[in-house]
Amino acid sequence: MNAHLQPTGSAYFLTQETQQTERHTLSVLVDNEPGILARVVGLFSARGYNIESLTVSETEHDKRLSRITVVVIATPKVLVQIKTQLERLVPVHRVHDLTAEGAYLERELALIKVQGTGDHRGETLRLADAFRAQIVDASVESFVFEVTGKPSKIDSFIALMQPLGLVEVVRTGLAAISRGAQGM
């Protein structure tokens, strides 16, 4: 069929939408019950949505509530779908898009193992001090540093440790909370 003869009302000939992807941090308050994390992750994987970061922990023990912090990179249209589908899950109480709602704090923790021998030992310690990294383990051959802060800070520290003998990195994922007096 020629392009000029294609019906304009048919879904087969819709122009492709081009929306920019955006990074959003979602805070999801859920009942702390077996299988809830699997259900939330299943919602993402079943629809082909990628999770950039995921953390979960019980936050209100007496009410048996947990908070799941999910970082996603998606188009605005997909983001609306994600939030709507999360809100439909029965044990989900609230979904907050911290990115869209305004000012919020985000932090991550990383444990970073670096070789600590020879000429690089002193440079490694100087850089760790500059980044306020805590030494949580030290031997004559290596250091393990604990670094907390924004993900960009941790990324920068890792990049600087790479040429000095980076061995291993473990990251917790993002924890985030809105600023101000109001809670979730």
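This is a predicted model: local features need pLDDT of at least 70, side-chain atom pairs count only at pLDDT 80 or more; totals for chains, interfaces and linings use all residues.

Q: Fine. What covers the buried residues of α5?
A: The cover includes β1, β5 (104-115), α4 (120-130), β7 (142-149) and β8 (166-171).

Q: And which residues in α5 are buried?
A: Pro151, Ile154, Phe157, Ile158, Met161, Leu164 and Gly165. Seen down the axis of α5, these buried residues fall within an arc of 130°, so they line one face of the helix.

Q: How far apart are the end C-alpha atoms of α5?
A: They are 21 Å apart. Helix α5 covers residues 151-165, and its 15 residues at 1.5 Å each should span 21 Å, so the two values agree.

Q: Switching to the strands. Is β3 mostly covered or mostly open?
A: Mostly covered: 8 of the 10 residues in β3 (residues 65-74) are buried.

Q: How does β1 pair with β3, parallel or antiparallel?
A: Antiparallel, over 10 bridges, with β1 being residues 22-31. Glutamate 22, for one, has alanine 74 in β3 as its bridge partner.

Q: How many bridges join β2 to β3?
A: There are 8, and β2 (residues 51-60) runs antiparallel to β3. Serine 53 stands opposite valine 71 in β3.

Q: What about the hairpin of β2 and β3, which residue has a positive phi there?
A: Arginine 64, with phi near 55°. The hairpin has 4 residues between its strands.

Q: Where is histidine 96?
A: In strand β4, residues 92-97. The histidine 96 side chain makes a polar contact with the side chain of glutamate 101, at 2.8 Å.

Q: What else is histidine 96 in contact with, neighbours within four places in sequence aside?
A: Besides Glu101, the list has Thr25, Leu26, Ser27 and Met184.

Q: Which residues does the UniProt domain annotation cover?
A: The unreviewed entry gives "domain: ACT" for residues 25-100. In the model that span is 36% helix and 43% strand, and its end C-alpha atoms lie 9 Å apart.

Q: Last one, valine 78. Where is it found?
A: In helix α2, residues 76-88. Valine 78 has a relative accessible area of 23%; buried means under 20%, so valine 78 counts as partly exposed. Its C-alpha atom is separated by 43 Å from that of threonine 124, 46 residues apart along the chain.

Technical notes:
Residues are numbered from 1 along each chain as its sequence is written. Side-chain values use heavy atoms; hydrogens and water are left out. Helices (H or I, at least four residues) and strands (E, at least two) are DSSP runs, numbered from the N terminus. A polar contact is a pair of N or O atoms within 3.5 Å; within protein, one must be able to donate a hydrogen and the other to accept it, and residues adjacent in sequence count only if both atoms are side-chain atoms. Contact means heavy atoms within 4.5 Å. UniProt positions are given in the numbering used here, feature names are shortened, and annotations may be inferred rather than shown by experiment. Buried means under 20% relative accessible area, exposed over 50%, partly exposed in between (1.4 Å probe, protein chains only). Two strands pair if DSSP finds at least two bridges between them. The expected span of a helix is 1.5 Å times one less than its number of residues. The arc is that of the directions from the helix axis to the C-beta atoms.
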